[in-house]
Amino acid sequence: MVPPPPAVHGGSSPNGQHIQQFLSSVLSQRGPSALPYSEDVKWLIRQHLVSLSDAYPSLQPKTATYTHNDGRTVNLLQADGTVPMLFQGVTYNIPVVFWLMESYPRHPPLAYVNPTRDMIIKRPHPFVNPSGMVSTPYLQNWVYPSSNLPDLARDLSHYFARDPPLYSQRRPNPNPNPNPNPNFTPPSLPLVSSSSSSGMARPAIPPRSYPQSPYGSGRIPPPPPSPMATEDPAEVFKKNAVNKLVESLHSDIGGLRKNREVEMEGLFSAQAVLRQREQQLAKGLREMQDEKEVLEQQLQMVLMNSDVLEAWLRENEGKTLNSRNNNVDVDQAFEPCDALSKLMIDSTASDLAIEDVIYSLDKAVQEGSVPFDQYLRNVRLLSREQFFHRATSSKVRAAQMQAQVNTIAARTSQYAV
């Protein structure tokens, strides 16, 4: 388990107790109103926010709705307030907001500079883009679980002191009298100084309270000249409008990118389906080609058998002519081609002859022409003889089938490529 960050003394104050109760309440919610944080890090989120509010009382935790670039909204925790900045010996307060995203604290929060209406963002700035998003080395090198919000606030205070991110807009002077000191230039930092001329400690900053006046005391020395500090309100408004347009353009580009990614995923899915169908068609084509080869082989066999039959017809054509002129013996009309065929014809003829004799005996016994005992004795003898003829026919048929298979195999081997 990751050890909690060191507790900062001061959490026993009424404000600290109120913050702890608030965080315990929102982090323990369940159901549709639950915050989208992992259960195993909620205790660490609570410690980070409590330590931040103890170190920087103006940064108070609260819940708010965050809108992603794709239009999705989610209820998240944020710390809204100010971060102190020491510039030219004077302390100023920079309004900031920390958004704790769904993956916090494993990933860094989103830090934004939150200028008031009297402030504009310095352009260009090394750590703040025109939309106010902050990107410092501490955020870029965020390491879980050692990185935390109080160190982030101290890091922002350090970098903002080196290069202030905000300037005040130049407003028209309501006093018609001319400036008695024409060489005096109002400071361009839109921040309230928390130091007095006597060098005493700066007063406590009320939570989420932003100064109305963009200037500090009259003793604050002006910062180095900057073209941003001398621009008129029209230019400032124009630049702010350009910034808003740039933000809107980035949001639209992000939405278009998401839509194109969805379309690409659909095209990839269609491509996979087409490839699968291509494979099925290729498989079907191969099967049809194999079937074509088999049919061609069968056609060759049929053609060979046709040639054999035509040759037999030519050889026996003379016998047909003689049968028309002369009386031809029926038994000699068909000549067996081999011994098996002759045996098959004899066995079949004997079987059929015995079948006719048995049928005649049945008729005779029904009419009373043959005694019943003589009928049984003759039928028994004839049945025995018929059984042997049928067994012979079965054996001859099997031998003929085997001979035919061997003949076909021999012919096929001759025409094989």
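Which residue takes a positive phi in the hairpin of β1 and β2? Please keep in mind throughout that this is a predicted model.

1. The β1–β2 hairpin. Glycine 71 is the residue to look for: its phi is positive, near 90 degrees. The hairpin has five residues between its strands. Strand β1 covers residues 60-67 and runs antiparallel to β2, with eight bridges joining the two.

2. The β2–β3 hairpin. Here two residues lie between the strands, and glutamine 88 has a positive phi near 55 degrees. Strand β3, residues 90-100, pairs with β2 in the antiparallel sense over 11 bridges. Within this pairing, methionine 85 has tyrosine 92 in β3 as its bridge partner.

3. The setting of β2. Strand β2 spans residues 73-87 and pairs with β1 as well as with β3. Of its 15 residues, 12 are buried, so the strand is largely enclosed by the rest of the structure. Buried here stands for under 20% relative accessible area.

4. Is glutamate 293 buried or partly exposed? Its relative accessibility is 48%, so it counts as partly exposed; the exposed class begins over 50%.

Note on methods: Residues are numbered from 1 along each chain as its sequence is written. This is a predicted model: local features need pLDDT of at least 70, side-chain atom pairs count only at pLDDT 80 or more; totals for chains, interfaces and linings use all residues. Side-chain values use heavy atoms; hydrogens and water are left out. Buried means under 20% relative accessible area, exposed over 50%, partly exposed in between (1.4 Å probe, protein chains only). Helices (H or I, at least four residues) and strands (E, at least two) are DSSP runs, numbered from the N terminus. Two strands pair if DSSP finds at least two bridges between them.
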